[in-house]
Amino acid sequence: MKKALLLCPQLIFIGFLFAQNVADSTIYNPHELFAQNFNLPAGNSFRSAKGIPGPSYWQNNSSYLVHATLSEKDTSVTGDVTITYTNNSPDQLDYLWLQLDQNIFKPSSRSVAATPYPGDYFSVLGKINGGYNIKDVTISYDNKSYTVQPVITDTRMQVRLNTPLQPKGDKVSIKINFSFVIPLDGAGRFGRQYTKNGVIYQIGQWYPRMCVYDDVEGWNTLPYMGLGEFYCDYGNYDYYITAPAAMIVYGSGDLQNAAAVLTPEQIKRLAAAANSDKTITIIGADEIGKPATRPAGKENLTWHFTMTNTRDIAFAASKGLIWDAAKINLPSGKKALSMSCYPVESLGDIAWTRSTEYLKASIEIYSKNFFEYPWNVAISNAGITGGMEYPGMIFNNYKEIKARLWFLIAHEIGHNWFPMIVGSNERRYMWQDEGFNTYVNYIANDLFNNKEYQTDAAYFDKSFFASRDYMQFMQYKDPLMTVSDAMDAEQHYQFYGKTAYGLNLLRTVVVGKERFDYAFRKYTEAWAFKHPTPYDFFHCINNAAGEDLNWFWKEWFFTTAKLDQTITAVSYIDNDPAKGALITIDNKGKMVLPVILKIIQANGKEETVQLPVEIWQRGGSWVYKYTSSNKIDKVILDPENVLPDMDRKNNEWNSK
């Protein structure tokens, strides 16, 4: 390369003519984005350089058998969990780590200690009886059982094995007896809602779970602080919930003993709903609390559920909910069931009466465009939780209505794709599930019911969790690659909005819909039921879309760079518009993106052109030669306001 430059000095002159040195007029430095000092990790046998699992990829498996009792008397859950853990790694494991998420509510927790004053963002303060009561921990290995004294550190528990777990398929069983008091507000993710017809219990993070051991971090043991959510193994679940007989229990997965816990009429209605695109009532508002809605003769009933190839389960329970359902049509021809359960306070055509419709439509859209929904049932439950996701089960605010309710349901069930199907590490990279999900939510929003809510004003409210007022996210102080719990709590919604905005820019401006949609789907398919890192995503999109987007990954996810494009001059070759116009564009910020120009000539001719990001590789100023036939009347940068330009006052040049 050096030799070529010495032989062609005119190239140097042209480079300076059309791409002035950045030090002359801007703070933009192309070396920060286009130099080779930012490279993605090299591929290996575990994770391919093209962003898919490699031939030696492995992940461990955690399957669960859970028995639990919900007690209204003391608002507690008591039970036992038996975990069958399979070590598929190439490593010998001398100890195991488990997650004890309920311990976030212990007065001694790190989350309590790290709660800024004043405030209690995650409702962790003052819970005197909060956290798990862990009783017995029993290990079964090689046909022998023994008890261990676990080492509990905040929201983590270490179990030290008498005999190491061998690599490549060895198994061990861990049985734990546990109990906890159900908090009123479980860090915004579960809790108790008091209504006219009784308490709605939304139960999540309710049993001890395995930490993930992977090829990237080894044991993933970041503590649960409240903001960073979860990272879990996949496995099969078999669980039993004992509750007062007057209650209906709504659980993740498939109910195995309907005849023992439902009435013949409810079973009949569920069968009708399984064949109906219209919502069918299972328990109506006028039936709540009536003896005919429950099997007679028992004080308590045990509900048995199973769910396969999932990373978690949750359940809701109440004596006083409306229950309805409808059929979900999946691309393969398979059918699933959309269900909603909500109090009479939520009844109404602008409210939860449409919940099952919203849930059904969301799943059908995501299944068609990204990956088919793999389970048989999906449930939307109204209660105290503002919005929280679990496999096959979502908890949503019982007061939400209209566009906000549609989007909330579409968002929370969208998490069944990111991170329930594509199992990224939420605790470390919140944007990789919240942002991806928000991105697909707005695609669903554009497709739902003839664009019913496409331009609803609610989405542009700055307080909306997935606000389309993207400019606010571009002014925040932390980059997206900030560890989830280290993000400013008041600014964490950029994990949603800024990520979604960036992906949409790739789709609509940088790469194009056809190529980006293909690449995004290849990523989703490749990592279904596996554990991708951000770098796997970057590699996969680069390869499947056929673009080196490292400059974008760096500026959008690793920095707080801002965009400011401006038109600084318009002139003509030999002062003759018929010979062409020279339009000078400067990049005044540290971020780069393609340039979109709307050019209006004096004769009324209008044209919109797009210049690729490569114009900024050598510097922060570019002279674009436009084939004009008349004088230029006006030039407008980004005429549709699709780019995150921080100063639009300099986006227009006017001959007058």
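In which loop is Pro 118 found? In this predicted model, Pro 118 sits in the loop between helix 4 (110–113) and strand 4 (133–141). The backbone there is worth a look, as the peptide bond from Tyr 117 to Pro 118 is cis, with omega near -5°. Pro 419 belongs to the loop between helix 8 (402–414) and helix 9. For context, most peptide bonds are trans, and most residues other than glycine have a negative phi.

Positive phi values also turn up in the model. Thr 75, a residue other than glycine, has a phi near 45°. Thr 75 is placed in the loop between strand 1 (61–71) and strand 2 (76–87), and counts as buried because its relative accessibility is 15%, below the 20% cut-off. Phe 529 is likewise not a glycine, yet has a positive phi of about 65°. The loop that holds Phe 529 runs between helix 11 (513–526) and helix 12 (534–545). With a relative accessible area of 16%, Phe 529 is buried. A further positive phi, near 45°, belongs to Asn 449, which follows helix 9.

Helix 9 itself (residues 431–447) has 17 residues. From its first C-alpha to its last, helix 9 reaches 24 Å, close to the 24 Å expected at 1.5 Å a residue. Of its 17 residues, 15 are buried, so helix 9 is largely enclosed by the rest of the structure.

Turning to the aromatic residues, the structure holds 71 aromatic pairs. One of them joins Tyr 121 and Phe 122 in an edge-to-face arrangement, 4.9 Å centre to centre with 70° between the planes. Tyr 121 is partly exposed, with a relative accessible area of 41%, whereas Phe 122 counts as buried at 16%. By contrast, Phe 448 and Tyr 453 form a stacked pair, with 6.2 Å centre to centre and 15° between the planes. Both Phe 448 and Tyr 453 are buried.

Charged side chains also meet aromatic rings. Arg 209 lies over the face of Phe 230, at 4.8 Å from the ring centre. Lys 498 is placed over the face of Trp 556, at 5.5 Å from the ring centre.

Rolling a probe the size of a water molecule over the atoms shows where empty space is left. Residues lining the largest cavity include Asp 101, Arg 156, Arg 427 and Arg 428. Also among them are Tyr 224, Tyr 231 and Leu 222.

Ser 621 is in strand 29 (residues 621–626) and is buried, with a relative accessible area of 3%. The side chain of Ser 621 makes a polar contact with the side chain of Asp 586, at 2.6 Å. Ser 621 and Met 420 are 201 residues apart along the chain, and their C-alpha atoms are separated by 45 Å. Gln 610, found in strand 28 (residues 606–611), counts as partly exposed at 42% relative accessibility. A separation of 54 Å lies between the C-alpha atoms of Gln 610 and Tyr 64, which are 546 residues apart along the chain.

Notes: Residues are numbered from 1 along each chain as its sequence is written. This is a predicted model: local features need pLDDT of at least 70, side-chain atom pairs count only at pLDDT 80 or more; totals for chains, interfaces and linings use all residues. Side-chain values use heavy atoms; hydrogens and water are left out. Helices (H or I, at least four residues) and strands (E, at least two) are DSSP runs, numbered from the N terminus. Buried means under 20% relative accessible area, exposed over 50%, partly exposed in between (1.4 Å probe, protein chains only). A polar contact is a pair of N or O atoms within 3.5 Å; within protein, one must be able to donate a hydrogen and the other to accept it, and residues adjacent in sequence count only if both atoms are side-chain atoms. The expected span of a helix is 1.5 Å times one less than its number of residues. Rings of Phe, Tyr and Trp (its six-membered ring) pair if their centres lie within 6.5 Å; planes under 30 degrees apart count as stacked, over 60 as edge-to-face and the rest as tilted. A charge sits over a ring if NZ of Lys or CZ of Arg is within 6 Å of the ring centre and within 35 degrees of the ring normal. On a 1 Å grid over the protein atoms alone, a cavity is a set of points where a 1.4 Å probe fits but cannot get out, and a pocket is an open set with protein on both sides within 12 Å along at least five of seven lines; lining residues have an atom within 4 Å of a point.
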